[in-house]
Amino acid sequence: MNKKSFFQFATPSIVLMILLMFIPLLMAIWLGMNFMTFANINDPQFVGLQNYRDVLSDSRFWRSLRFTGLYIAIVVPMQLLIGFMIALLLDQLSKFTRGIYLSLFLLPFIIVPIVGTIMFKQLFEASGPLTWLYQTIFDTRFRYNELSVKTLIIFHGIWYTTPFALVTYFAGLQTLSQDQMEAASIDGATPWQKIRAIVLPHVQSLTVLILLISIMDAYRVFDNVFVLSELNPIYKADTVMTYTFQTAITVQRLGKANAMAILTIAGILIILIPNIIQSYRQQMSER
């Protein structure tokens, strides 16, 4: 396809993306330069970069950013590892058995996030089964504190996001050449050697795709934090998104919240751009 044909097909989508993405982004940047609350929402006061300076000097913002970084650093690698391992195991099963297990593993991904998180939290209530198991093993009551709430948020994040990696890896394994696997077996390769030399290179592009999408999703995590911490400051479990929400709704600093959202987008781009460049170079080298 030549460039002219490409732009003829792509122009409607490009225009739609500009209308839906760039115009609201420019509006958010402008609103971030105004002191605005619900009281003066129709007559905001222009303050320039003051809101951005307030955000960058806000210790609670940096604390929420650190926890968001911790969440990404733990959840995303675990999601990739567990999803890949389960996909390898499912690939060895018969179609009927595989379908049963696959439907069970997909349950966290099908349930509405808020509903799934509420059900997950009920397991750790006073009468919950996991609370009883915890008390039986450790001979002490399960208590909600900073460490336990953050642990539950991270554990729930792994449980909820792993099915995405699982399905993507499983689909990729279905396109794997069985001739290569059989040839490696004839040559005496061990299962680990086949995974390292054949399977991992085959799913490398999928890994980059999962990584990019997972980082974006993890950076904007909100639902499970909202439910599990109830936005109680005593747990110090704010993420960037929950703190932005609190700044806008509770504190009513709409201008500062917009500035925080713009800085969040900048943070996502800083994280993703190196991965996108690496993915592009990889695709070019495979041609």
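Buried means under 20% relative accessible area, exposed means over 50%, and partly exposed covers what lies in between (1.4 Å probe, protein chains only). The model is predicted, with local features needing pLDDT of at least 70 and side-chain atom pairs counting only at pLDDT 80 or more, while totals for chains, interfaces and linings use all residues. Residues are numbered from 1 along each chain as its sequence is written, and side-chain values use heavy atoms, with hydrogens and water left out.

**Exercise 1. Describe the whole chain.**

How many helices and strands does the chain have, and what percentage of its residues count as buried?

*Solution.* Begin with the elements: the chain comes to 14 helices and two strands. Now take its extent, about 75 × 70 × 30 Å for the C-alpha trace along the principal axes. Of the 287 residues, 37% count as buried. Move on to contacts: among those with a separation of 6 or more, 70% come from residues 24 or more positions apart. Helix α13 (residues 240–249) gives a local example of cover, with seven of its ten residues buried. Those buried in α13 include V240, Y243 and A248.

**Exercise 2. Explore the largest pocket.**

Which residues that line the largest pocket are the closest to its centre?

*Solution.* First, settle the term. On a 1 Å grid over the protein atoms alone, a pocket is an open set of points where a 1.4 Å probe fits, with protein on both sides within 12 Å along at least five of seven lines; lining residues have an atom within 4 Å of a point. Its volume is the space filled by probe spheres set on the points, which are joined across faces, edges and corners. The largest pocket has a volume of about 530 Å³. Of its 13 lining residues, M21, L25, I265, I268 and L269 are the closest to the centre. Two or more lining residues come from each of α1 (3–31) and α14 (254–286). To sort the lining, count Ala, Val, Leu, Ile, Met, Phe, Trp, Tyr, Cys and Pro as nonpolar, Asp, Glu, Lys and Arg as charged, and the others, Gly among them, as polar.

**Exercise 3. Turn to the second largest pocket.**

Which element gives the largest share of the lining of the second largest pocket?

*Solution.* Take the volume first: the second largest pocket holds about 400 Å³ of space. Its lining has 20 residues, and the closest to the centre are Y71, Y160, T161, D217 and V221. Now look at the elements: α8 gives the largest share, with five residues. By class, the lining has ten nonpolar, seven polar and three charged residues.

**Exercise 4. Follow a helix pair.**

At roughly what angle do the axes of α4 and α8 cross?

*Solution.* Axes are lines fitted to C-alpha atoms, for helices over the stretch in contact, and angles run from 0 to 180 degrees between N-to-C directions. The axes of α4 (residues 95–105) and α8 come within 10 Å and cross at roughly 150°. At the contact, R98, L102 and F105 in α4 meet P163, L166 and F170 in α8. These residues divide into five nonpolar, no polar and one charged.

Terms used:
Helix = DSSP H or I, 4+ residues; strand = E, 2+ residues; numbered from the N terminus. Contact = heavy atoms within 4.5 Å.
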